Amino acid sequence: MKRVWILVLLATADASAQTLVENRDFQDGYDTNLLYVHSTANYAWDLESQFDWERLQFVDNALRVNTGSVSSDKLFTDIELNLNGQLNDRWRISGSFDRLGARENPVTTEQLLLGFEGRIAGSHAAFVNINPEYDKSALDVAVGYGFYSDNREQYARVALLFDDMNYGSKNDFGGTQTQDPLALDWQVRWHVGANWYLYSEGHVGNGYERQFDDESLSPSLAFEEQRNNRAELRLSKSSGNGELWSVWAQWADFDETRRFRDPALDYRYQNTELRLAAEHVRIIGERHRWRFLLNVTDREAQSEGADEHEFERLDVVGGVFYEYLYPNSGVTLAYVAGQPDIQFTAPDPEDSYDRGDYSDKVVIGYRYRFSPKAQLRASLAHEVSASGFGGGGVQFEWFF
């Protein structure tokens, strides 16, 4: 998996390792940047869009893009693409591209996988995907099994991902993998009762460990290991008349260690986040659509060694959205707010802080439905408590 936030540590011998450490993005989002009111409320997918994505993402092909301004100089962009086009009565193209832009978590990850899925018998299928990278050391291979309902709106897919499987023999920096990364990926959606559906997805693995013994090829970095896992569990209900319910939990865990030629720059960084949420949508009459969203997010992070610190943040974030519906569009007015409890502890007390300022926004949005399978949402927000621009966002979803 490509970790595009990582700076080029293995460059020339005269590169400044100190500069590399100073430019780490670990603390982005700790204080005023990338606030939760952005990503968990006014930039969150509407429950109707999320429900459609879970239901249709493996029927044919599916694309959704979520982007928005999270500070004066930063823009996050999530991209999810699934390719499931049928080639004949047995074979399908099997592919995906996932890019998760950094918001609360300190990394941006992206991965492209392409291959084929073949029907074994009945509802059973197997697939093999690879990422067609120019760099052979970054080659990933996923081998998986899928079980589908007749319309493919219910599914259970699991894959074993061999990440950077050629790194030890193909990299240009003299690196050897002392632990090969292996991960389990899954997507599950299944009917569990009257109009209730269980959905889960995740990526959990052991991460990688790499040793760089040749100082001429790797002048600054001697060792690194990284683990980046995530999982989601969601229970949703659709009553068929526009009324939706959903409760879910999301978990993310990031752990990275690096040892340099200069021991003063060594560090270990850990970041764990747990989010619990509930959402409800209902339509009153023919024109009035209400959406209620509540998120509770608990995040803990710490860095040992260089840039030593500890960070804790607990957020309670809510939003009320009203949408006036037209035949193929809608206009939204919303109010979202959060009350964070933020504690940052550094070796120097002057660098430590304890904050919890109330943050709220009003949001104006517009939705246009091109067809039953394609829609666009756009929004602008104003920060009420801070009296400033609260960011703009665009979401696009397409099943084709």
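Author: The model shown is predicted. A residue is called buried when its relative accessible area is under 20%, exposed when that area is over 50%, and partly exposed in between. Asp253, with a relative accessible area of 11%, is therefore buried.

Reader: With which residue does the side chain of Asp253 meet in a salt bridge?

Author: A salt bridge requires a side-chain nitrogen of Lys or Arg within 4 Å of a carboxyl oxygen of Asp or Glu. The partner of Asp253 is Arg227, with an N to O distance of 2.9 Å. The two belong to distant parts of the chain, Arg227 being in strand 13 (residues 221-238) and Asp253 in strand 14, 26 residues apart. Arg227 has a relative accessible area of 27% and is therefore partly exposed.

Reader: How many salt bridges are there by this rule?

Author: The count comes to 27 salt bridges. Another of them joins Arg268 to Asp255, whose closest N and O atoms are 2.6 Å apart. This pair links strand 15, which holds Arg268, with strand 14, which holds Asp255, across 13 residues. Arg268 is partly exposed at 32% relative accessible area, whereas Asp255 counts as buried at 6%.

Reader: Why does the pair of Asp46 and Arg377 tie together parts that are 331 residues apart in sequence?

Author: Their side chains meet in a salt bridge of 3.7 Å, N to O. Asp46 lies in the loop between helix 2 (36-42) and helix 3 (47-56), while Arg377 lies in strand 21, so the pair joins parts 331 residues apart. Asp46 is buried, at a relative accessible area of 3%, and Arg377 is buried at 12%.

Reader: Which residues have the most contacts inside the largest nonpolar core?

Author: In soluble globular proteins, nonpolar side chains tend to be buried together. Here the largest nonpolar core has 15 residues, and those with the most contacts inside it are Phe260, Tyr267, Tyr269, Phe311 and Phe344. Strand 14 (244-260), strand 15 (267-284) and strand 18 (329-345) each give two or more residues to this core. Another core lies apart from it and has twelve residues, including Ala44, Leu293, Phe321 and Val336.

Reader: Which residues make the nonpolar surface patch of about 790 Å²?

Author: A residue of a patch must have over 30% relative accessible area. The nonpolar patch consists of Ile120, Val128, Val143, Tyr145, Val158, Leu160, Phe162, Met165, Leu182 and Leu184. Strand 8 gives the most to this patch, with three residues. Phe162 is placed in strand 8 and, at a relative accessible area of 33%, is partly exposed.

Reader: Which residues gather in the patch of negative charge?

Author: Asp and Glu count as negative. The patch on the surface brings together Asp298, Glu300, Glu304, Glu308, Glu310, Glu312, Asp341 and Asp354. Strand 16 (288-305) and strand 17 (309-325) each give two or more of these residues. The largest share, three residues, comes from strand 16. Glu308 is in the loop between strand 16 and strand 17 and is partly exposed at 47% relative accessibility.

Definitions and conventions: Residues numbered from 1 in each chain as written. Predicted model: local features only at pLDDT ≥ 70, side-chain atom pairs only at ≥ 80, totals over all residues. Heavy atoms only, no water. Patch = residues over 30% accessible without salt bridge, like charges linked within 9 Å, V, L, I, M, F, W, Y side chains within 5 Å. Areas by Shrake-Rupley, 256 points an atom, 1.4 Å probe, with all protein chains shown as cover. Charge placed at Lys NZ, Arg CZ, Asp CG, Glu CD. Helix = DSSP H or I, 4+ residues; strand = E, 2+ residues; numbered from the N terminus. Buried < 20%, exposed > 50% of the residue type's maximum accessible area, 1.4 Å probe, protein only. Core = buried A, V, L, I, M, F, W, Y, C linked by side-chain atoms within 4.5 Å.
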